Every structure is written in structure tokens, then in C-alpha cells.
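Please brief me on this structure, with cut-offs stated.

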Amino acid sequence: MNRIRLSDVRPNTEIVLYKIVGGMGMERKLTEMGLLPGERIKRIDSPSDGPVVLVVKGAKIAIGQGMADKIIVEECGQKKIIKVALAGNPNSGKSSVFNNLTGARQHVGNYPGVTVEKKEGIAYCNDYTIKITDLPGTYSLTAYSLDEVTARNFIIHEKPDIIVNIVDASNLERNLYLSTQLMEFGIPLVIVFNMSDIAESAGQQTDDKAMSELLGVSIVYTVGNKDKGSKELLEAIVRTHKERADKNNVSVNYGREIEQEISKVMVLLNREIDLIDKYPSRWLAVKLLEGDKYIIDFIKAKQGSDEIIKQIEASRAHIKIIFADDAETIFADKRYGFINGILHETMTQKKDSHLVVSDNIDQIVANRILGIPIFLGIMWLMFKSIFFLSEKPMQWIEQTQALVSGFVSGLLPEGSLMQGLIVDGIIGGVGSVLVFVPIIFLLFFFMSILEDSGYMARIAFIADKFMHKIGLHGRSFIPMLLGFGCNVPAIMATRVIESKKDRFTTILINPFMSCGARLPVYTLLIGAFFSEKISSNVLFSLYILGFLMAIFMAKVFRRFIFTGESAPFVMELPPYRIPTLKGLIIHMWERGWLYIKKAGTVIMLGCIVIWSLSAFPVSAKGDLTKSYIGKIGKAIEPAVRPLGFDWKIGTALVTGVVAKEIVVGTMGVLYGAGERDSGNPFSLRGALRKDVYPDGRPVFTPLIAYAFMVFVLLYIPCLSTVAVIKKETGSWGWMFFSIGYSTALAWVAAFVIYQGGRLFGL
Amino acid sequence: MSKEEIDTAAHLAPGEKASIVKVSGKAYLRRRLLDMGVLPGSIIQMIRHAPLGDPIDVKIKGYHLSLRKSEAYHITVKRMK
């Protein structure tokens, strides 16, 4: 196919966006305007020097010639586009099928307005471009969970041409439950029996022809983790699109009594032309009768809907009388009954012998006695491996950074502003982001192993009792543990927590898990002010304090902010599976790249700002006391004085907002510890011990040092973490709240320690 | 029907099977259970308790489901011999 620049496209041609080559900033800007890879667009202006005018999703957009040069498009000619939504249960192997279909042609973003991740990709088959959107993995499509609402809203508002439903072939009964709901949208459905090899080896035989007839869908077999069946699936999509485009789907028959009620509601709904235009009426009727809060509220908000609402109430009451149970149960029951009927006719051998191996593993791994030791062993092994494997690459990055700094330094006039900006500001900033890359990538690699193998669900199973006590969910455990390494991936790992309350609480308390970057600060101060005998106890006490603070704040948040009952734990324990390397690498890359992109830009900016504050005004001539940062330190001195801190500590705390390691660096600079080699802790320790106020009192005592460390432990973790909190909560409000409350807490804790200690004569 | 036969799913001993009679509880929990196949008439088997005693692992419709005891109290079952 023909790929050209958008600026070279003839007017009035339909094209498909292939790639944006103008860098991240531009990509984001265009993405916000709806220009995504795979999007069908039309150029409508005639070439001139003026802007290029496009029609995207029915909206007109004008962009500059320069931008149009950086957008690569594909001429579609006779090509047709099929929009596909990929739906399926969690653990059905949906993402491996998605990866097989789209390869590297993926784009990760968010669904508008929510923090649910949205993956899109493109595949080609014959003359068709197939645009695939991966919906969140769900068991059902109710109004209770954000994922489910997001998935069904996508189907309703974006109206995909085809829904591809991935089902775990070895667990058809529960997996087809979602299919029965997808069938109600009136959109052609392709059902994919994934992991069909496992089902087959367990002796399961399905008459797919008969099943396909009964369900009114196309059926395809795939083995996602072995990349089998992708081609057949794409062909089935195209075939279904051609053949079934105007045929109606089979729907679950809910039985005479309920069907009558559905018809009554549909008659009323069909009068509302504007409604029926947008929503499939049978789906609406079923949702209303099921008592779907979201849809009922939506209908109630419409004018003249009283009659519909009355009918709904009457119908629900009627159902309750006939079946002696409420509509919700009856609908679920009928769906499962429908599935059972079909499976009974088309499938032989429904035993769950495919679970034998998995069950045996659980006999040991989830064992009442062995479960916890094995779990701790796996955690220990994971952390050991991560830190062991990341050590060397981190050193290489630091060495390379030093080499580059040295080289660039030499090129620029010594002591010039340019040298400072580039070496300390930019290279230093990039370095402080890059140095975390190995550890983050490794963390995500191991996390993916836990997730893809099925062990993550067992961790939640084992840890839930304890986590529930502090008001959290079993799934909050991993993020808490990861926090000891680095809060950035830890907060990103909270995505496995379904309930928003649990997730936000976990995000907000996570920074109290003392991360690796805080260790250099502790090492410096403990080495300087505590005897070797008690040093490890002092260090340990800080970690414990952070952990207790996390538990305490979790309880506070659950009591006052995220109130109400905690989300149900009801969770599938999927069969164990061997992860594929391809899947692991894709997961690792996605998350890691997100960190580099998001955290990277913020840290860079932060480093440049801090550098500027320490380099200006020029008249300070490198004397930090006279620089802006020194002035800020002096200005905040009254605020930190009650904690026993002087202005130098205040300054270090300000710079430490960027990253905790910088606290040590700033102290080094402030105490002029050998100019640039502030890395040498011994000379700095001596300088700290010797520092006195004009009246001869020492600036530091062990008590002040401890208060200082507690402050460092509790206040704003670092800019990257703050950036990730913003990203994961999707809100500036929560980000500022996190900054504010943690700093307030740090201040109070340090105050109590310092003033309390003084009362005891420390 | 004797009283011992009717119990909640939380009280089943590991290995014991029962038939579900009723699913109650708050809307969200109930809906979630129904969607996961915890329906009147389905067979539920207690597999094990987590190492700390809670949650539990049950087998239903050919797969493993874990839930807290506090949630399993809402599932009324009839023990099978």
C-alpha cells in the first residue's frame, strides 16, 4: 500500500492515518484532536500555502503545513475499514490474541474521561484495514464496575462493525455468559475459542457448526500463546463483515413471561426515535428490566419517560411474583440456562480435567502451612533478582552520564551559564531519570510474570486477610511491597485493583513505603550522628515508621474520604499458565515506556528549574546562599525552625522535592564538600558534625538528624511519583492533595519528634 | 429437610459439595456473584481456606473462585451427601 505525507494528499481523498513522526509533543496534540493511527480522515482543502483542512470523525480540523509534513498516511483507494471491538473475560488470553493480531501497530491511551487503559491496534487482511480496540476485560456488562461501563459505552457510542469475543475454550460456561450480553447489542459477533489446545487435550469436543448456528455467530479457534489462528480470525472478521452486516443476531430467549415484558418495554421505547437511533432497543429493555441503575437514570432524565418508568416498575414486580425471585437473578439464571442448553447439545465431555495440574500446584502453593513461606520466598527471590540484575546497568548509565558530562563540559566555557544549564540541568536531569530505567523495566518484567502465570491472584488470596484488616484489598499488597523499591512502578501497579476506593487509598499511602532513593539520605545522616551499634536499628525504625504511617493513613482515608463498604473480594483464581516471552516483553515495554515518557519530562523540567534557582541571580557567582534557592531556604526557615532545622536543611528539603537523592547532593554543595565530589559522604559527614550556629550550638544533634530523616521519609516523595499520581488518578486535585497532606504529616511528625525529644532532654 | 443440611457456603468443609439455594446481600455483591455463576441451583465445592483462614477458594462451574467468608455468608446452600 501507498504511504505518503499528509501534505502531499490530493484534496477530497479519503486516507488512513498511519503514523505521526513529529515527536511526542506533536503526537499528543494531534491525538487530542482525534488524529490517531488507524483513523480515517479526509482532506478537503485544495493545496495552497494555507492550512490543511481535514475532516475527522465528522469534525473539521485545520493544521499547519509543517504538521502535515510530519503525518504519514495511507491512501485507502478501494480499501475498506472494519472497526472491531475485542471483548472477553479477564484471563481469557485476550491480550495475547490482541498482540498477535496487531503486533507492534499498537497505541496505548485512555478512554475519554476515565483512567481505564485503552489499547488500539491495526491489522490488515485482504483489502481491509481492521482497526481493533481492546476493551477492558470483564465478566459481565453491569453498571457497577468502571471497566464494564467503559466497555459497554464504547460499544454503544463507537458502534464497532464487529465485536470479537475471546473466550477461554476450557471454561465455556462462564465465558459465554458475557457473549450472551454482547449478542444483545445487535452487532455481528465473532466468538474466538482461545486456548483451544488445552480444551482439546482435556478431551473436550465441540460441534462448532451447530453452536455457530444456535448462537448466530462465527466461531474461530485460536491458541493465543502459540500465535495460532490469527490469520483465520482476521479472515473470519472480514467474512462476517461481508455476510452478516445486515443480519440480526440471535438473542437469548428469556422465556415467554419475560419476553412479553421485554416486548411491552420495547414498544414504548420504539416511540422515542432519537433514543432508538443511538441505542439498540432490546438491549435497553433488558437493562431496564434488570434494574440497571445507569440506564434507568438515563431514561428518567429524559422528558416524557414517565410511562416507560411505570412500565418497568410494573414489569419488574410482575417478574418477581411469577418467579418468586427478583429480575436480576432471573436474568442471570436464564442466560446461564441458555448457555447450558447450547453446551448440552453441542459439547461432549464437560469435565474440568484441564485443571488437574493447576489444582496440584495450588495444593502446595496455596497450602495453609506452606502458602506463606512460599509466597515470602518468591517475593524475596524477585527483589533479590531485580536489585542484582539492575545493579550493573545502573552503574553503566551513571558512568556514561559522567563521561558525557565530562565531554560536554570540556566543550563549553568553564563556569559559564551554558555549561551549568547543559551539564547540571539537562544531562543531570536526563541521567536521574535514566538511572531508574533498568530497575523499572525489571520490576515490570517480574510483575508480568506474576500476573501472566496466575500467581498474582494467589498473592491477593493469601494477603487479603491482612490487607482487609487495614481497609484495603488483597491486590493492594503488591503495590505496597513494590513501594520499598520505587514508588513510581508501585503506583502504576495499582491498576490491578478494581475498586476506585481501594485503588486511590493504595496510591495515596504508597509514598510512605520508603523507597530506595531515600536510602542515601538515611545512610549519610545515620553514619554521621548514630553509633554503628544502633545504626541498623535506627534505619529499620524508619522503614517501620513509614509502614505504620501507611496503615494509619489507610484507615483514616477509609474512615473519612473513601467511606462505605469495601469492594467485594469475589475474584477468579485462574489456572496457572506459562507466560510467553513475547507477552512479558510487551507488558514490560508498555509500562516502562510510560514511565520514561511521563516521569521523564517532569523530572527534566524539575532539574532545570532547580538548577536555575541555584544558578541565578548571576551576581551570586555560585554562592548558594545568595542564589534564589538559598533565598527560598532562608525564607522558609521560620517554617522549619520549630522542627529544629536551619535554612540549609530547609534548602535541601526544597530541592529534595525533585528526587530524594538530591537532598544529599544539595547538602554536599551547601557544605562545599569538595565542590563537585559531593558524592563523598565522609567529608560531608564531618562537615555536618562540625557545623555550628553563631552562638556555638551545633546545627545537628542526633535528634534533629532523626527528625530530618522522618521528614524526608514522609513528605512529597519526588516529582516522578507526583507525576505518576497525577497520571493514575487522572486528577490534579488528588495530586495536590497528596503533596499537601504528606508534607503536613511530615511536618507534624518531625515536630512531635523534635519537641518531644527535647522535653525528654535529648 | 434437616437443619444441618441448610447452611452458608462459608461453613462448608474443604472438599464438601453443596447446591446453592439462595444468593442474598447488597446489590453490588449479589450481582457480582450472579455474574460469576453463583446462582441458585449451581453446585459449589469448598476447596480450601487461605493460609490466614480467610478468604476461601471454591469451585463452581468448572473454575476456581475466591471470596471472603463475609461474602460467602450470603450464599445459602444445601449440603450434598
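Helices (H or I, at least four residues) and strands (E, at least two) are DSSP runs, numbered from the N terminus. Read along the sequence, chain B follows the pattern β-β-α-β-β-β-α-β. This is a predicted model: local features need pLDDT of at least 70, side-chain atom pairs count only at pLDDT 80 or more, and totals for chains, interfaces and linings use all residues. Residues are numbered from 1 along each chain as its sequence is written, while chains are lettered from A and ligands numbered from 1 in the order in which they are written.

**Chain B overall**

- Chain B has two helices and six strands.
- The radius of gyration of chain B (taken over C-alpha atoms) is 11 Å, close to the 12 Å of the globule rule for 81 residues, so chain B is as compact as a globular protein of that length. The globule rule is 2.2 Å times the number of residues to the power 0.38.
- Along the principal axes, the C-alpha atoms of chain B fill a box of roughly 30 × 30 × 25 Å.
- Of the 81 residues in chain B, 49% are buried. A residue is buried if 20 or more other C-beta atoms lie within 10 Å of its own, exposed if 12 or fewer, and partly exposed in between; C-beta atoms are placed from the backbone.
- Contacts in chain B with a separation of 6 or more come to 55% from residues 24 or more positions apart. Two residues are in contact if their C-beta atoms, placed from the backbone, lie within 7 Å.

**Contact between chains A and B**

- Chain A gives 29 residues to the contact, and chain B gives 29 residues.
- On the side of chain A that touches chain B, the elements giving two or more residues are helix H5 (172-182), helix H14 (327-346), helix H16 (371-411), helix H19 (455-469) and strand S16 (571-573) of chain A.
- That side of chain A has 15 nonpolar, five polar and nine charged residues. Ala, Val, Leu, Ile, Met, Phe, Trp, Tyr, Cys and Pro count as nonpolar, Asp, Glu, Lys and Arg as charged, and the others, Gly among them, as polar.
- S16(A) and strand S5 (residues 63-67) of chain B run antiparallel, joined by three bridges. Two strands pair if DSSP finds at least two bridges between them.
- Within S5(B), Leu65(B) is the residue opposite Glu572(A).

**Seven-stranded sheet of chain A**

- Seven strands of chain A form an open sheet with mixed pairing, in the order S8-S9-S10-S7-S11-S12-S14.
- Strand S8 (106-110) and strand S14 (218-221) of chain A are the edge strands, each pairing on one side only.
- Neighbouring strands are turned by 25° against each other on average, direction ignored. Axes are lines fitted to C-alpha atoms, for helices over the stretch in contact, and angles run from 0 to 180 degrees between N-to-C directions.
- S8(A) and strand S9 (residues 117-125) of chain A run antiparallel, with five bridges. Gly109(A) is opposite Lys118(A) in S9(A).
- Strand S7 (residues 80-88) of chain A pairs with S11(A) in the parallel sense over five bridges. Leu86(A) has Val164(A) as its bridge partner in S11(A).
- S11(A) also pairs with strand S12 (residues 189-194) of chain A, in the parallel sense over six bridges. Here Asn194(A) in S12(A) is opposite Asp168(A).

**Burial in chain A**

- Strand S11 (residues 162-168) of chain A has seven of its seven residues buried, so S11(A) is largely enclosed by the rest of the structure.
- In a regular strand the side chains alternate between the two faces of the sheet.
- Ile162(A), Val164(A), Ile166(A) and Asp168(A) are buried on one side of S11(A), and Ile163(A), Asn165(A) and Val167(A) are buried on the other.
- Helix H3 (residues 94-102) of chain A is mostly covered, with nine of its nine residues buried. Among them are Lys94(A), Phe98(A) and Leu101(A).
- Gly103(A) follows H3(A) and has a positive phi, near 55°.
- Gly216(A) sits in the loop between helix H7 (208-215) and S14 of chain A. Gly216(A) has 15 other C-beta atoms within 10 Å and is therefore partly exposed.

**Helix pair in chain A**

- Helix H18 (residues 437-453) of chain A packs against H19(A) at an angle of about 85°, with the axes 4 Å apart.
- H18(A) and H19(A) are therefore roughly perpendicular to each other. Angles under 35 degrees count as roughly parallel, over 145 as roughly antiparallel, 65 to 115 as roughly perpendicular and the rest as oblique.
- Leu450(A), Glu451(A) and Ser453(A) of H18(A) make the contact with Tyr455(A), Met456(A) and Ile459(A) of H19(A).
- By class, the residues of this contact are four nonpolar, one polar and one charged.
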